[in-house]
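Me: I have a protein structure open and would like to learn how to read it. Could we go through some of its features together?

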Amino acid sequence: MPVVYLRPVNPRLLLGVTVLGLIGLMSDHVRADEKFDASNYLSGDWGGLRSELHDKGADITVEYVGEAAANLHGGYNKDKTARYTDQLALGTTLDMNKLAGWHGAKFQLMVTERTGRNLAGDRIGDPRAGMLSSTQEVYGRGQTWRLTQMWLSQEFLEGDLDVKFGRFGEGEDFNAFPCDFQNNAFCGAQVANWAGSVWYNWPVSQWAARVKYKITPEVYAQVGAFEVNSSYLETGNGFKLSGSGAEGALFPVELVWTPKVNGLPGEYRAGYYYSNAKADDVFDGADGQPQPVSGGAFQSHGSKHGAWIVIQQQLTSRGGSTDRGLSVFFNATMHDKETNLVDNFVQAGVSYKGPFDSRPKDDFGFGVARIHVNPAVAKQASLTNQLADISDYDNPAFMPIRDTEYDAEIYYGFAITPWLTLRPNLQYIRHPGGVDEVDSAVVAGLKMAVKF
């Protein structure tokens, strides 16, 4: 099959074509079933067009996230500087029942662009080892345009069964977690951060399918199949649609419980993933000897696997509203020690929505995370240094011995308007990259989210 590429599009052109196409699909007999609030968007109601599109089944998304970070103390390179990176997202969500009488169906299209530079790579981590997390979560997977979502979902059995197919990432449905923090150790599906060779989060998409079944009103199970294709990660392949270069598939399965505890919402997730794409060992060589001894390729394995737990629970409400109050969260991931750089990760923290009556839309968050490097990785680096007779960390040829990185962040989110949120934050990174010789770092950040 030939490789199919789409040229990056002009965002204004994409938005204009999308809007015109939706107007053509609208039918006069369709009526709204919920009120559209134009005050949630910087550009307002577009003279009534936006609310009309919403009422007839089409929502337009134009969102911008910008993240600034400055190193205040420590890190590998102590030269003070600041870095800025951002993301623009353009897309639409179509309620196919409203638009075409197609009951229980929804279509989602999204393209994104990322630009900018990352402080973690430029200042905080030892370039020979890098950092495990990132001080700016919106950076990564290539600073380029990408097709991030293009999928259709369909409900069956009065909504108990939901099937989704198209282009999307695992973290949209599996191991899902919010992204209010700026440090990547507290943002989104964490499996992608530690098993990123096979699990691709936003903004990367791949061909995939997901089936979800509601067992009870509070419990559902889901299973998926996602193409593993590292060529999608390459800059310039953001709109590649063919499956050429596919290396296998990743299969996640997850059980989700969404109880009300004393009337307050919670979400509890437990899941497992298995990938049949080939994966390199982190210590053994292809000849069965330790790789530093043979000096050749690493031993190849036929699979990669891991598991996760996600807990979110609101503990209090305020003013009789569950939209305000204190919540706690916990994340843990586990990965096989034969092929994965990180063998386990844990994270915990608290958030509070609406802390003050005068600012009911503000929010606060604090989290700590521990990222543990597979001991076999440290063993491989230590043996490499020993065989090269290098023991001085300052020697450029020295391979840093990685163990554990600790990350912490505290932020306060100012809801300036319904469409603008500013979250100044302070981050602390102990042993960046898991390298003990790198001084712990303090980073000041600012995360801005705008809905146009």
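Predicted model: local features only at pLDDT ≥ 70, side-chain atom pairs only at ≥ 80, totals over all residues.

**Reading a fold, step by step**

Me: How should I read a nonpolar core? How many residues does the largest one have?

Reply: The general idea is that in soluble globular proteins, nonpolar side chains tend to be buried together. Here the largest nonpolar core has 38 residues, and Trp-199, Tyr-273 and Trp-308 have the most contacts inside it. Among the elements that give two or more residues to this core are helix 5 (191-194), strand 7 (219-228), strand 13 (304-314) and helix 7 (375-387). Apart from it lies another core, of 14 residues, including Leu-53 and Leu-90.

Me: Which residues is Trp-199 in contact with, leaving aside neighbours within four places in sequence?

Reply: Among them are Phe-174, Val-191, Leu-250, Tyr-273 and Trp-308, along with Arg-141 and Glu-170.

Me: What about disulfides? Which cysteines form one?

Reply: A disulfide is a covalent bond between the sulfur atoms of two cysteines. In this model the count comes to 1 disulfide: Cys-179 and Cys-187 form it, with their sulfur atoms 1.7 Å apart. The torsion about their S-S bond is about -90 degrees, so the disulfide is left-handed.

Me: Is Cys-187 buried or exposed?

Reply: Cys-187 counts as buried because its relative accessibility is 8%.

Me: Last one: how do I read a pocket? What is the volume of the second largest pocket?

Reply: Look at volume, then at lining. The second largest pocket has a volume of about 400 Å³. Of the 23 residues that line it, Pro-178, Gln-312, Ser-327, Ser-351 and Lys-353 are the closest to its centre. Strand 14 gives the most to this lining, with 4 residues. By class, the lining holds 9 nonpolar, 8 polar and 6 charged residues.

Key: Residues numbered from 1 in each chain as written. Heavy atoms only, no water. Core = buried A, V, L, I, M, F, W, Y, C linked by side-chain atoms within 4.5 Å. Buried < 20%, exposed > 50% of the residue type's maximum accessible area, 1.4 Å probe, protein only. Contact = heavy atoms within 4.5 Å. 1 Å grid on protein atoms, 1.4 Å probe; cavity = no way out; pocket = protein on both sides within 12 Å on 5 of 7 lines; lining within 4 Å. Points joined across faces, edges and corners; volume = space filled by probe spheres on them. Nonpolar A, V, L, I, M, F, W, Y, C, P; charged D, E, K, R; others polar. Disulfide = S-S within 2.5 Å.
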